[in-house]
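Let's take a friendly look at how charged side chains pair up in a protein. Have the sequence and the 3D view handy as you read.

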Amino acid sequence: MEQLRPREKLIRHGAEVLTDTELLAIFLRTGLAGMGVMALSEMLLKQFGSLYALMSAGEDDYLAVRGIGKAKMTQLQAVAELGRRYFQAQMEAGNLLESPQITLNYLSSQLAHQEREIFVVIFLDNQHRVLSVQKMFSGSLNSVEVHPREIAREALKFNAAALILAHNHPSGHAEPSLADKEVTGQIQNVCMLLNIRLLDHLVIGKGQYVSFAERGWL
């Protein structure tokens, strides 16, 4: 493929053929004095280690890097938020049992970059369409206190027929703890009393996840 600038390459061959550096260059638009936008993009990806790490960084991380002022920081934050909203819209439009990857993409976009544990519940109707997504509990770096009774109350409010649970591990390691398994069992017991299906509990790490359903724990 001939050497083309990123925009020309996208127009001629499609976005999927662009490298991470080329995609990032399109969003950044301009480089720095003495550094073109492609060189800046490559430098940022190397400094953060990956496109994922770059797009999920915090404000202090961005502003500490030469080449990212407030203008470029807001560009990167806007692109990241656009991606999160895209995944949310995709999830809300479909049947989550038929498209489990969509659910995972959405939850990863919402949780993987969080610096403390967040517990999310997705409430579904009897056709497994999304009724509501609630960030119900937040905790510390290592734990979050979850109250099954509050989840049951919300499920009844939405007249939910099924639930998907999710929470993140800020350490990046997705393997569930004993406490994760115990609280999942408590929620499952409450759901059974209310004739609500607990479809899955997803533990989100950095670039990895564990599904209770895939493990055969539900």
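What follows is a short tour of some salt bridges in this predicted model.

Side chains of opposite charge can pair when their charged atoms come close.

| Pair | N to O distance |
|---|---|
| K46 and E42 | 3.5 Å |
| E81 and R85 | 2.9 Å |
| R215 and E175 | 2.9 Å |

Start with K46 and E42. Both sit in helix α3 (residues 37–48), and because they are 4 residues apart there, about one helical turn separates them. K46 counts as exposed, since its relative accessibility is 63%. E42, at 40%, is partly exposed.

E81 is partly exposed, with a relative accessible area of 28%, while R85 is exposed at 55%.

Now for R215 and E175, whose closest N and O atoms are 2.9 Å apart. R215 lies in helix α10 (residues 212–215), while E175 is in the loop between β3 (162–168) and α9 (178–193), so this pair ties together parts that are 40 residues apart in sequence. R215 is partly exposed, with a relative accessible area of 39%, and E175 is partly exposed too, at 45%.

Definitions and conventions
Residues are numbered from 1 along each chain as its sequence is written. This is a predicted model: local features need pLDDT of at least 70, side-chain atom pairs count only at pLDDT 80 or more; totals for chains, interfaces and linings use all residues. Side-chain values use heavy atoms; hydrogens and water are left out. A salt bridge is a side-chain nitrogen of Lys or Arg within 4 Å of a carboxyl oxygen of Asp or Glu. Helices (H or I, at least four residues) and strands (E, at least two) are DSSP runs, numbered from the N terminus. Buried means under 20% relative accessible area, exposed over 50%, partly exposed in between (1.4 Å probe, protein chains only).
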